[in-house]
Amino acid sequence: MRLFIFILLVICFSGCLWAQDSAVKLLKQAKTHLDEGKYPMAINAAYKALKQAEKEHNRFLIGKSYWLLGSISYYNNQDDKNKALKYYSDALHVYEKIREDSLCAMLNYNLGAIYIEKKEFDSAVVRLNKSKDFFKNRKQYWHISRINSVLAEMYLPESTQIEKSLPYI
């Protein structure tokens, strides 16, 4: 009887691991398709990974799936960044819940960059400053300088707003 219970537990546990691996494999496939510019295949694999991660209640992989869907949407549709914003925001929401602060900082940076492209500067400043605050607390000055550079350059095309870039120089 003990052997039967042990075998049953091993089968159940290995099934959970296999399902988790399949979400990871699907994410790897999606990333490969993204890198190759095969956007429909990338979206399909990332969406399947999201569904698998949701089945397994793996919040980290759920966030990673949303993030990848955001990246695919960003590169697939250069004229409409709203899908990328939605997926990146979904990923940020997931990672905030599980306190993945470094990933939240990177997502805030991505969101800020998209808001700049959309010329929604106030939203960009909020997101980029959130990212910068994370890196300040960790004394990661390279990231801070990169963010300041983005913030400064954001206003340069608008000759009437050059003074707004001065605090970041």
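This passage describes how helix α3 packs against two other helices, α2 and α5, in a predicted model.

Helix α2 spans residues 39-55, and helix α3 spans residues 59-76. Their axes lie 8 Å apart. The angle between them is about 165°. Angles over 145 degrees count as roughly antiparallel, so α2 is roughly antiparallel to α3. The crossing of α2 past α3 is left-handed.

Residues from both helices build this contact. On the α2 side are Y39, A42, I43, A46, Y47, A49, L50, A53 and E54. They meet L61, I62, S65, Y66, L68, L69, I72, Y75 and N76 of α3. By class, the contact of α2 with α3 holds 15 nonpolar residues, two polar residues and one charged residue.

Helix α3 also packs with helix α5, which covers residues 101-117. Here the axes come within 12 Å. They cross at roughly 20°. Angles under 35 degrees count as roughly parallel, and α3 and α5 are therefore roughly parallel to each other. The crossing of α3 past α5 is left-handed.

In this second contact, α3 contributes F60, W67 and Y74. Their partners in α5 are L103, M106, L107, N110, I114 and E117. The residues of the contact of α3 with α5 divide into seven nonpolar, one polar and one charged.

Helix α3 is thus roughly antiparallel to α2 and roughly parallel to α5.

Key
Residues numbered from 1 in each chain as written. Predicted model: local features only at pLDDT ≥ 70, side-chain atom pairs only at ≥ 80, totals over all residues. Heavy atoms only, no water. Axes fitted to C-alpha atoms, helices over the stretch in contact; angles between N-to-C directions. Helix = DSSP H or I, 4+ residues; strand = E, 2+ residues; numbered from the N terminus. Parallel < 35°, antiparallel > 145°, perpendicular 65-115°, else oblique. Left-handed = near helix turned anticlockwise from the far one by under 90°. Contact = heavy atoms within 4.5 Å. Nonpolar A, V, L, I, M, F, W, Y, C, P; charged D, E, K, R; others polar.
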